[in-house]
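Biologist: I would like to go through some of the labels used for this structure. Please set each one against its cut-off.

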Amino acid sequence: MILLFTDFGLTGPYTGQMKAVLAQQAPGIPVIDLFADAPAFDPQLSAYLLAAYAPAFPVGSVFLCVVDPGVGTDRRPVMVEADGRWFVGPDNGLFALLARRATSLNAWTIDWIPDRLSASFHGRDLFAPVAANLATGQPVERSLLPSAAIDRPGWPDELSRIVYVDVYGNAMTGMRAATVPPDAVLTAGGTRIGRARTFGDVRPGEALWYGNSNGLAEIAVNQGRADRALGLTVGEAVSVGP
Amino acid sequence: MILLFTDFGLTGPYTGQMKAVLAQQAPGIPVIDLFADAPAFDPQLSAYLLAAYAPAFPVGSVFLCVVDPGVGTDRRPVMVEADGRWFVGPDNGLFALLARRATSLNAWTIDWIPDRLSASFHGRDLFAPVAANLATGQPVERSLLPSAAIDRPGWPDELSRIVYVDVYGNAMTGMRAATVPPDAVLTAGGTRIGRARTFGDVRPGEALWYGNSNGLAEIAVNQGRADRALGLTVGEAVSVGP
Amino acid sequence: MILLFTDFGLTGPYTGQMKAVLAQQAPGIPVIDLFADAPAFDPQLSAYLLAAYAPAFPVGSVFLCVVDPGVGTDRRPVMVEADGRWFVGPDNGLFALLARRATSLNAWTIDWIPDRLSASFHGRDLFAPVAANLATGQPVERSLLPSAAIDRPGWPDELSRIVYVDVYGNAMTGMRAATVPPDAVLTAGGTRIGRARTFGDVRPGEALWYGNSNGLAEIAVNQGRADRALGLTVGEAVSVGP
């Protein structure tokens with residue numbers, strides 16, 4: 001299984017062009033859109049989102065990850081094996097959190113250079129062929145990296161910012177709910193928000209936070225859109241207090 | 001063939017996470033997005049839309065349907081077999097109209113409970129595995145329901161409201177065109193609208209209603225967007241008169 | 001491989017209904033969304049976009065193309081073989097540019113008429129079954145056309161208009177970058193724009209034009225959205241000067 005994690009959107013040609021490469025070079029392997037709207041141009045926010053969602057997929061899954069504002073510059077292309085799952089993409093911090101949380105970890109810089117490498121679309125020209133090789137068990141020219149090279153030491157274990165707003169207007173933070181004290185109050189957009197187990201535990205229009213289905217602390221409004229009701233946008237700070 | 005009918009959107013992780021379950025548990029079965037933007041949080045409007053679109057698919061198709069504002073509450077998970085097609089989802093009226101219109105009908109409550117059932121994502125944890133089992137001919141723990149349990153007796157046979165606005169701004173009603181007198185005038189957003197066979201039968205900018213390619217009465221504007229031109233939104237009432 | 005090129009969007013039922021036809025009639029053939037947001041209702045702008053993106057796909061690929069404001073009128077359904085790739089859709093100019101640029105070209109009108117042909121959805125009822133036949137090597141009832149019938153003689157070789165705005169706000173023109181003098185200045189939305197190799201060659205917030213990964217001249221703003229910063233929309237004229 002190959003999972004796509006990008007900020008490409010689903011319309012336009014970019015996701016389709018990558019899928020065409022995968023259909024040719026990894027025929028018969030399912031290709032699934034995980035996030036096509038990862039935090040745009042922001043490898044750090046994306047890193048916390050990817051680390052929360054990737055572990056639920058089966059061992060052997062290959063994640064083709066392109067949030068790559070530095071495409072065409074000298075940032076390194078990398079591949080990472082973390083607890084049996086594979087990740088391919090730019091070395092800009094995107095894999096820092098899942099690497100830090102992994103029990104077993106190997107990281108390589110990709111040495112292979114395709115015959116045709118456009119300046120602006122390494123997702124299609126470089127990363128997709130490498131993902132296809134990983135998914136089909138073909139070798140990739142590579143050099144081992146020290147695992148620490150993938151980490152970003154200055155980034156916290158839990159990011160107290162909003163990393164994603166979903167289709168319903170719920171706002172995911174970069175904090176794992178299990179690390180937040182159950183009686184903690186989150187403050188976002190100037191509103192103090194208590195924890196609840198389900199939406200129905202608060203009044204209509206009232207905000208709550210809870211552990212979402214992938215373990216992140218998420219802010220919602222019962223029968224409403226948290227993003228609009230509380231004025232929340234991706235990247236915004238969330239504070240945790242008593 | 002498995003058809004997805006949800007209000008999840010295509011971006012974000014929800015549709016992809018369901019597809020990953022299907023790829024693992026029903027390998028090789030095509031999975032197709034039918035509607036990812038069914039009327040949000042509204043099982044009734046969704047029920048008329050699903051009933052109009054489902055019968056065109058081949059017998060044996062499995063519809064994985066999640067418009068589920070009550071997720072996590074005690075609404076029953078159900079599976080329905082209607083004229084040889086299968087439907088899986090919450091028992092909130094979503095299947096009421098297609099059940100009522102079916103020649104042969106069986107309905108069950110789903111007794112199987114997955115080992116891991118999140119409070120907020122039964123589409124991934126419960127309904128997708130059941131759909132995979134149906135598509136691959138595996139058994140599902142279940143209890144027969146009286147067919148009438150699936151119906152919602154108070155809901156009319158034809159719903160005189162707008163149930164969907166498409167990408168071109170055309171507004172579908174919940175009425176089957178064949179049940180509306182050919183010379184009837186529809187009134188929506190304060191505008192009186194006559195029937196025409198094709199867009200070209202009215203002047204540019206003028207509104208018309210017609211039977212769409214799946215049999216619903218649909219309101220459009222020649223060379224324009226009916227939603228903007230007439231101020232129409234999903235849920236709005238449409239009246240039928242001489 | 002079947003590539004979809006439409007203005008249908010990805011939400012709503014239209015793309016899914018076409019994919020269901022393809023899954024039944026061309027089982028096992030990958031179906032990939034290339035553009036679901038081609039220039040709406042505009043076969044001319046779409047023609048330059050399609051001609052730029054199609055040649056990168058493998059010989060034998062089938063393109064199912066529906067930008068079809070004249071659906072239901074007497075415009076001819078056609079199929080075109082250009083340099084070993086196949087194209088199916090309405091004869092409204094959509095294939096004019098790729099036909100003109102092809103080394104080998106054959107064109108036919110489609111004589112086959114499906115048993116069920118709705119007035120408003122030939123993509124599902126007519127073009128998808130034909131594409132499935134082409135992808136699986138089945139015959140299609142057809143009549144040879146003179147190749148010139150596909151062309152639109154009045155349309156220029158390079159279109160100095162914006163044909164697409166991508167998810168990042170970059171604006172593609174209908175001109176192949178290789179045909180524009182390297183020192184040419186483009187003017188769009190009242191702004192004069194010089195060529196650069198990469199975004200980093202200009203200051204943040206400054207506009208540039210460059211040859212994109214499929215060879216079109218594209219206008220962008222370093223660390224910004226060209227569409228908003230320069231007020232650009234699809235269809236707008238771009239002038240080329242010294």
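Predicted model: local features only at pLDDT ≥ 70, side-chain atom pairs only at ≥ 80, totals over all residues.

Biologist: Why is the pair of A:Phe63 and A:Phe87 called stacked?

Modeller: Rings of Phe, Tyr and Trp (its six-membered ring) pair if their centres lie within 6.5 Å; planes under 30 degrees apart count as stacked, over 60 as edge-to-face and the rest as tilted. A:Phe63 and A:Phe87 are 4.7 Å apart centre to centre, with 15° between the planes, and the pair is therefore stacked.

Biologist: What makes the pair of B:Tyr168 and C:Tyr14 tilted?

Modeller: Their ring centres are 6.4 Å apart and their planes stand at 35°, so the pair is tilted.

Biologist: Are B:Tyr168 and C:Tyr14 buried or exposed?

Modeller: Both B:Tyr168 and C:Tyr14 are buried, where buried means under 20% relative accessible area, exposed over 50%, and partly exposed in between (1.4 Å probe, protein chains only).

Biologist: Why is the charged end of B:Arg142 said to sit over the ring of B:Trp108?

Modeller: The rule asks for NZ of Lys or CZ of Arg within 6 Å of the ring centre and within 35 degrees of the ring normal. The charged end of B:Arg142 sits over the ring of B:Trp108, 4.1 Å from its centre. In chain C, the charged end of C:Arg142 sits over the ring of C:Trp108, 4.1 Å from its centre.

Conventions
Residues numbered from 1 in each chain as written. Chains lettered and ligands numbered in written order. Heavy atoms only, no water.
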